[in-house]
Amino acid sequence: MENTKIHSGSIFGTSIIQYSFQKYIDNQNLKNVLSYVLHCKHRIIIPNATNYSPGPNADKGYKDYPAIVTNSIQITVPEGAKVNLRQIFPKTLNSSVNTSLSQQTASTSSKSVQSTNGSNTSQSNTFGVNVSGGISSGFPDFSVGVNYSHGWDSGTSSSRTTGSDTSRQNGSSSDESMSIKDWNSYGYMDKDAEKPSWIWGQSYPWDVIQYNQSLGEHTISLPSFIKDRMVDGEQVLPPSQLSLFGVDFIMTAAWLISFPEGITSPDEVKLSHSMAYYTASHFIFSGTPAFELQEAATAEYDSPSLEMSTYALEPLHSGDAKNGAAVGFTVNPFIYPPTTHSSNFKIVSAANNLQVTGTGFDSSMTADFSCLPSLTVNFKVLDTTNDYALLFMSWIGANSSACKLTVTINTLYTLTGQSGRHRGAGRAEQRYPH
């Protein structure tokens, strides 16, 4: 958050700027280009310097109310990077606007075991008698038949079913809303399609962007139909409600920053914001309507250098060994590798959740201590309740002594540890709870 100030230092409003970064691998045209997507959301809040007073009003005019707001954003990227402005909002606007972003986080795990065992036995018996009779050659004829059947069945059954399921969902949510009434907005870009700009202006009852013909300095000449909307005889009518109470505007832009030839230096970006604020007045002076439009203030803000790879890291979802936060230095590709012991390097885990930068190592990540080795490890955590462990692993050469490690966490805590000492080549491991 940054207060919007006139160059003289007085505050006339508030400016809130939010940056977010995402790592993006562009594989178009069978290539593999490291890129970043930068989203910028800029909110400008400017109240009317003259507080509104409800109830009957005997004033003969309205002075210095918001009329025009302009804003532009200039982006500066490292040498060799290419910039493409992918999104600008709003472009043309004269209605209500809602912008929202939503994400979610959840995890589930389930395991089931089902066993069944049983047996069955069945037995059936049937018995029947058949009797038939008649007359044959004048003599009675009878026959009797008997039938019998027996059935028996038995069996056993057994089954076992085992299953497991694990799922994870991540997210967060934010929402911004904006409503404009009797104002217009126009968004446009420069010739290189890198610098977005916006102009916001009152459109009713006085379109200050279209009708701004000056009679000298701040005095404006308006058509009769515009004057009739603002002054009715001896009665001065108010400006738009946004001008009467103050404005609250949101602008967003997104850039794709690519490194086709790779990165050889810190991938830092910087943004500059320039804003101008114009006020208007209309009143009756000596029985004559008067209309004025003047530039009241300008303001500028320059962001610090923002390292894109650091801000684009994904947060650690858990502290277990399966979170992908591991860097092997030989398996993972460097963003830019070390060349000498005095050169810098940067490497990011394959899961994009652990970043290591440093100096004091050569191209094979061997230190001869001609330049004191230094490592900076960056990561983000979501769980602030459970402990995390950061493990360092090193190999000590023959006839070498143990390595002393001084670890500073977030510039707040300092820990000192020492790796084990081995004869010949060996491995040492140090564990620091977070």
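The legends below describe close-up views of a predicted model.

**View 1. The nonpolar cores.**
The largest nonpolar core holds 43 residues, and Trp200, Trp255 and Ile257 touch the most other members. Strand E17, residues 246-259, gives the most to this core, with 7 residues. A second core is separate and has 18 residues, including Ala67, Ile68, Tyr211 and Leu293.

**View 2. The surroundings of Leu85.**
Leu85 sits in strand E5, which covers residues 82-89. Its relative accessibility is 9%, so Leu85 counts as buried, the limit being under 20%. Beyond the neighbours within four places in sequence, Leu85 is in contact with Met189, Ala193, Glu194, Pro196, Ala253, Ala254 and Trp255. One of these, Trp255, is also among the residues that touch the most other members of the largest nonpolar core. Leu38 is 47 residues from Leu85 in sequence, and the C-alpha atoms of Leu85 and Leu38 are 9.6 Å apart in space.

**View 3. The salt bridge between Lys191 and Asp192.**
The structure holds 4 salt bridges, and one of them joins Lys191 and Asp192. The closest N and O atoms of Lys191 and Asp192 are 3.4 Å apart. Lys191 counts as exposed, at 76% relative accessibility, whereas Asp192 is partly exposed, with a relative accessible area of 44%.

**View 4. The network of Asp267, Glu307 and Lys346.**
Salt bridges link Asp267, Glu307 and Lys346 in a network. Side chains of opposite charge can pair when their charged atoms come close. Lys346 and Asp267 are both buried. The other is Glu307, whose side chain meets that of Lys346 in a salt bridge of 2.7 Å, N to O. Because Glu307 is in strand E20 (residues 306-307) and Lys346 in strand E22, this pair ties together parts that are 39 residues apart in sequence. Glu307 is partly exposed, with a relative accessible area of 22%, whereas the value for Lys346 is 0% and Lys346 is buried.

**View 5. The surroundings of Asn353.**
Asn353 is part of the loop between E22 and strand E23 (355-359). With a relative accessibility of 4%, Asn353 counts as buried. A polar atom of the Asn353 side chain lies 2.9 Å from the backbone oxygen of Asn323. Not counting residues up to four places away in sequence, Asn353 touches Leu313, Glu314, Leu316, Asn323, Gly324, Ala325, Asn378 and Phe379.

A disulfide is a covalent bond between the sulfur atoms of two cysteines. How many disulfides are counted in this model? With a cut-off of 2.5 Å between cysteine sulfur atoms, the count comes to 0. Cys40 is buried, with a relative accessible area of 2%. Cys371 has a relative accessible area of 25% and is partly exposed.

How values were computed
Residues are numbered from 1 along each chain as its sequence is written. This is a predicted model: local features need pLDDT of at least 70, side-chain atom pairs count only at pLDDT 80 or more; totals for chains, interfaces and linings use all residues. Side-chain values use heavy atoms; hydrogens and water are left out. Buried means under 20% relative accessible area, exposed over 50%, partly exposed in between (1.4 Å probe, protein chains only). A nonpolar core is a set of buried Ala, Val, Leu, Ile, Met, Phe, Trp, Tyr and Cys residues joined through side-chain atoms within 4.5 Å. Helices (H or I, at least four residues) and strands (E, at least two) are DSSP runs, numbered from the N terminus. Contact means heavy atoms within 4.5 Å. A polar contact is a pair of N or O atoms within 3.5 Å; within protein, one must be able to donate a hydrogen and the other to accept it, and residues adjacent in sequence count only if both atoms are side-chain atoms.
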